Amino acid sequence: MQEAMAVWSANAITSFSIYLTITFAYLTAAYFAGKKLTKYQVFVVSTLYAAGALISLFSVINNLELYTVLLNQDQELKS
């Protein structure tokens, strides 16, 4: 059970790191190239960022659900 929780923790950290990377890339592109981009390019970049953020959100929700299941199983095994 401890191994499963360790794997869960590693997955959660990885998911958060990916989200931070996507956010930093979006903010950097918006800052440096924002004025030079056309409306269509801004739309595409913003849509890609939103999609990446949603994927990260779903990953976090999935990891939390998995953690809850693992925690319940651990408590059942201890009792």
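Is Phe-32 buried or exposed? Phe-32 is exposed, with a relative accessible area of 60%. The model discussed here is predicted.

**Helix 1**
- Met-5, Trp-8, Ser-15 and Thr-23 are the buried residues of helix 1.
- Helix 2 is included in what covers these buried residues.
- Thr-14 has its place in helix 1 and counts as partly exposed, at 44% relative accessibility.
- Ala-29 is also found in helix 1; its relative accessible area of 32% makes it partly exposed.

**Helix 2**
- The 40 residues of helix 2 should span 58 Å at 1.5 Å a residue, and this agrees with its end C-alpha atoms, which are 58 Å apart.
- Gly-52, Ala-53, Ser-56, Asn-63, Leu-70 and Asp-74 are the buried residues of helix 2.
- The cover over these buried residues includes helix 1.

- Ser-56 counts as buried because its relative accessibility is 8%, and the cut-off for buried is under 20%.
- Leaving aside neighbours within four places in sequence, Ser-56 is in contact with Ser-15, Tyr-19 and Ile-22.

**Aromatic pairs**
- Searching the whole structure gives 2 aromatic pairs.
- Tyr-26 and Tyr-49 form a stacked pair, with 4.4 Å centre to centre and 20 degrees between the planes.
- This pair links distant parts of the chain, since Tyr-26 is in helix 1 and Tyr-49 in helix 2, 23 residues apart.
- Tyr-26 is partly exposed, at a relative accessible area of 24%.
- Tyr-31 and Phe-32 form an edge-to-face pair, with 5.0 Å centre to centre and 85 degrees between the planes.
- Tyr-31 counts as exposed at 66% relative accessibility, and Phe-32 is exposed at a relative accessible area of 60%.

**Nonpolar surface patch**
- Leu-54, Leu-57, Phe-58 and Ile-61 make a nonpolar surface patch of about 380 Å².
- Residues three or four places apart in an α-helix point the same way, because the helix has 3.6 residues a turn.
- Ile-61, one of the patch residues, has its place in helix 2.
- Ile-61 is partly exposed, with a relative accessible area of 38%.

**Separations in sequence and space**
- Thr-14 and Ile-61 are 47 residues apart in sequence, and their C-alpha atoms are 14 Å apart in space.
- Ala-29 and Ser-15 are 14 residues apart along the chain, and their C-alpha atoms are separated by 21 Å.

Conventions:
Residues numbered from 1 in each chain as written. Predicted model: local features only at pLDDT ≥ 70, side-chain atom pairs only at ≥ 80, totals over all residues. Heavy atoms only, no water. Buried < 20%, exposed > 50% of the residue type's maximum accessible area, 1.4 Å probe, protein only. Contact = heavy atoms within 4.5 Å. Helix = DSSP H or I, 4+ residues; strand = E, 2+ residues; numbered from the N terminus. Phe/Tyr/Trp six-rings, centres within 6.5 Å; stacked < 30°, edge-to-face > 60°. Patch = residues over 30% accessible without salt bridge, like charges linked within 9 Å, V, L, I, M, F, W, Y side chains within 5 Å. Areas by Shrake-Rupley, 256 points an atom, 1.4 Å probe, with all protein chains shown as cover. Salt bridge = Lys/Arg side-chain N within 4 Å of Asp/Glu carboxyl O. Expected span 1.5 Å × (residues − 1).
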